[in-house]
Amino acid sequence: MIEPMAKVRLVAPRTLGDRVTALLQDAGVLHIESTPTEAAQIPLRPQVMDEPARQHRAELERLRDELHRLLLLLPETRSPISVPRSPSLALPLEGEGKGEGGGQRRTEPWKRIAQFVRQIGSRVDYLTGRLKVCEDELALLSKYERAIEALAPFLRLLKESDEIDHLGVTIEEEARHARALPLLHEMMAKVTDNRYELFHSRLDERTLAVLLVFPRTHTTRLRSLLWEEGITELRLPASVSEKPLAQALRVLLKKKADLPARASRYRAQLADVARTWREDLLRYHDTVSRRLEQIEAAASFYQTELATIIYGWVPSRALGALRGRLEQEFGGRVVLEECPVHRAEWGTVPVVLNNPLWLKPFESLTRLIALPRYGSIDPTPYLAVFFPLFYGMILGDVGYGLLVLIAATVVRRRSGQHPLIHDLAFVLMVASGAAVLFGFLFGELFGELGAAFGLHPLLDRMEAFIPLLYLSIGIGAGHVCLGILLGAFGAWRQGDRHECLAKVGGLGLVSSFVVLIGGLSGLFPPLWAKVASAGFAASLALALAFGGARGALELHNLVNVLSYLRLMGIGVASAALAFAANTLGHMAGHVLLAVVIGVTLHAINLVFGLLSPTIQSLRLHYVEFFENFFAAGGKPYRPFKRSL
Amino acid sequence: MTDIGLIAIGAGLAIGLAALATGLAQAKIGSAAVGAILEKPESLGTVLILLVIPETLVIFGFTVAILILFTLR
């Protein structure tokens, strides 16, 4: 059902504005109306922010962003250390006097917090900056790690000398460089006149790291020759690129040994900061965000010289409690009035669906199409009855039903964080239960395999086409008639008598049409057909007389009734596919092949069984059933409350 | 050709042509529907309705085929 709502007007002295806003946020039941109908009748002045207030808001936004940034940087800790060193949060935020110095007093606590956050921020920035440098260098070194490790043993053999230079190269032993090492020896011998040393070590299957030692006078010549031969010289990080290779590699080796310890030290210090301050920063973030929400909400308030006026909607059942809290907090200085809600306003009333717990999951199916308008009918209870019925009738198989039930139960258990999937899984559990019951009625367990387990059909879907056809039309007529009745009731409740009578005419059209078909097909005595003909004509006249051209649209319900033939059509198709799976399995002639064919086809049918009955059942509701009474376009109820 | 053969052809045409028409309609609606859902995911419910509306055709075709098979046989 749609929750009854009360329209309220709250009048408070302007000096209490902040405290009232905080209380409303804490209560979390008031949907603030920013454009009340009264605004057009009474010259109300929207509450506007003065320049200091705007600046204050901008400061708070910056503070919130900074807190958010710090919380992202600081690791989450399990054992916070409580130290009473941060500025107190018992802030005089609300109810500050507007007198001399009031604004100053209002912003001072925030400034203290901002200063504290800056101090923590600079410490966190320093530590994260140093940590980042360490991590970047480690990542860079990992690129050189293998070459450094390969050349390190040779470097220990070298002595620093102004006469001797060395170069590191890597050689890819691909086809083109298959003889690279002998060629390198040849080139070195030629250039240095055999005054060189060459050490090499394997990096991987294809790559060699080579250290060349030679007189310094040949450095330039060798470099250019290596470049011409396409041999890659070992490129070192920019921080050591100017140093001689041996020295550079020693520096890199030392760094490689030091960096992890340094990084760990910075991480430990960050964790220490987080343990000490993260809880406080979280509380500040919460408080600042809450304050900003209050400021945001206040933009929808109205004001006079002395009073703040707030319009909004409260669920009627919560009105007493809210009034009690205001009375307790402000002792009669704040007035909460309930205003009359006129029918013309129903379109602006926010909508809350309030159904019993077991019906709640079915609200998801209603919301999938739209929220009903206030004052109209909530179709959720009808969906909860007819959706499983239609789903069960279409799937109608004990085996498929049980598999879907198991799958839906598993999904529901694992979808705790996702309310929509949680709800839809419950809906599917109920619907699959109905499919099991219909499976017993149709005697189907993975098709006709049920017979082997003593399952006998009370209504065989593969044989009793005509009875099923009548059953589908009968259910369709009943469902459509219920929709028309709800439409008539809704029209009567809204005071639209003409629409109500036109709906009654539509109801007569459908019921007389069904009796007429039954009479003509021999289901009912011939006399019934004659009476139904007269009833049909009278109903059409009633619909046209009170509904005008729209009344003629009631005839569309006759087509809608026939649309329920899908209950039979899709169901028979599902049964036929199961039958085909079993028959083809039998024809395979080999047990293993029969099982493979049977399981594959039944799996395909099961996938269809999940999708098709769901979509068709929803369609019968959304198109054929809702058409007669459902008024979409409800405004969602969004109470002003803490968003964290 | 026997009467039974003609009845079978009639039933086949009833459901086959209806299915063809449904397929053509759903192809057009489906391609537009995908675009609509990408632009506005909350329109899923409405799009679903539009997508399955032509299925009534094939249901009617199926019913006519059943009636042909069971009343003319």
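User: Two strands pair if DSSP finds at least two bridges between them. And what counts as a helix or a strand?

Analyst: Both are DSSP runs numbered from the N terminus: helices are H or I with at least four residues, strands are E with at least two. Residues are numbered from 1 along each chain as its sequence is written, while chains are lettered from A and ligands numbered from 1 in the order in which they are written. This is a predicted model, where local features need pLDDT of at least 70, side-chain atom pairs count only at pLDDT 80 or more, and totals for chains, interfaces and linings use all residues.

User: OK, β4(A). Which residue in β7(A) stands opposite Thr170(A)?

Analyst: Thr232(A). β4(A) and β7(A), residues 232-233, run antiparallel and are joined by two bridges.

User: How many bridges join β4(A) to β6(A)?

Analyst: Nine, and those strands, residues 164-172 and 207-215 of chain A, also run antiparallel. Within that pairing, Val169(A) has Val210(A) as its bridge partner.

User: Switching to confidence. What is the mean pLDDT of chain A?

Analyst: pLDDT is the predictor's confidence in each residue, from 0 to 100. Chain A has a mean of 83, with 92% of its residues at 70 or more. The lowest confidence is in helix α2(A), residues 38-41, with a mean of 70, and the highest is in α10(A), residues 380-395, at 94.

User: Where does it stay under 50?

Analyst: Over residues 89-103 of chain A, for which the model has 21 contacts beyond four places in sequence. A contact means C-beta atoms, placed from the backbone, within 7 Å. Where pLDDT is low, the predicted coordinates should not be read in detail.

User: How do α13(A) and α3(B) cross?

Analyst: Their axes come within 11 Å and cross at roughly 140°. Axes are lines fitted to C-alpha atoms, for helices over the stretch in contact, with angles from 0 to 180 degrees between N-to-C directions. The two helices are therefore oblique; under 35 degrees is roughly parallel, over 145 roughly antiparallel, 65 to 115 roughly perpendicular, and the rest oblique.

User: Which residues make the contact?

Analyst: Phe465(A), Ile466(A) and Leu469(A) from α13(A), with Thr63(B), Ile66(B) and Phe70(B) from α3(B). By class, that is five nonpolar, one polar and no charged residues.

Conventions. Contact = placed C-beta atoms within 7 Å. Nonpolar A, V, L, I, M, F, W, Y, C, P; charged D, E, K, R; others polar.
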